[in-house]
Amino acid sequence: SRLRNLERTELQYLTLLGQAKTVTDILTMSDRLDAVRLQIEQVQGRLKVLDHLTSLASIDVALAPIGAAKVQAPKEGGPKGFSQAFADSWEWSLETARYVGVGVASVAAVAIWLAIPLALLAVAARFAGRRPHGPPAA
């Protein structure tokens, strides 16, 4: 809308410039016409920049399903039922077994790394024990 208003103003100044009789009127209309044309060019430049920016703009949308809500039975004041207690205990025992398994695997891995240098030391000690001590017999 600002661009349209400036273009209308430009047409009015052109009409007035065509009707001007004195040099002072012609120079005044010419200065005002130049100012309006400058504003028109500025608005057109901004519009071009905005058009260029909007053509480069992109919107990324990622859709993911919402996980099902975990429904829990309302808690009552009494103790757990036998089946729930057994299920909880079973899960706990499986978790404990996993931790024990990880611990055993870790100890085995460390033992392998310790066994290699210890075996080399044992072999070196055995060879050192077989050498005769003292000068060779003549």
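What share of the contacts in the protein with a separation of 6 or more comes from residues 24 or more positions apart? I looked this up and found 53%, where contact means heavy atoms within 4.5 Å.

Ground rules. I note that this is a predicted model, in which local features need pLDDT of at least 70 and side-chain atom pairs count only at pLDDT 80 or more, while totals for chains, interfaces and linings use all residues. Residues are numbered from 1 along each chain as its sequence is written, and side-chain values use heavy atoms, with hydrogens and water left out.

Elements and confidence. I found 3 helices and 0 strands, running α-α-α from the N terminus on; helices (H or I, at least four residues) and strands (E, at least two) are DSSP runs, numbered from the N terminus. For pLDDT, the predictor's confidence in each residue from 0 to 100, the protein averages 82, and 84% of the residues score at least 70. Confidence is highest in helix H1 (residues 2-19), with a mean of 91, and lowest in helix H3 (residues 82-130), with a mean of 85.

Surface. Of the 138 residues, 7% count as buried, that is, under 20% relative accessible area (1.4 Å probe, protein chains only).

Glu10. This residue sits in helix H1 and counts as buried because its relative accessibility is 18%. Beyond its neighbours within four places in sequence, Glu10 touches Leu33, Val36, Arg37 and Ile40; for Ile40, 30 residues away along the chain, I noted a C-alpha separation from Glu10 of 9.0 Å.

Methods:
Buried < 20%, exposed > 50% of the residue type's maximum accessible area, 1.4 Å probe, protein only.
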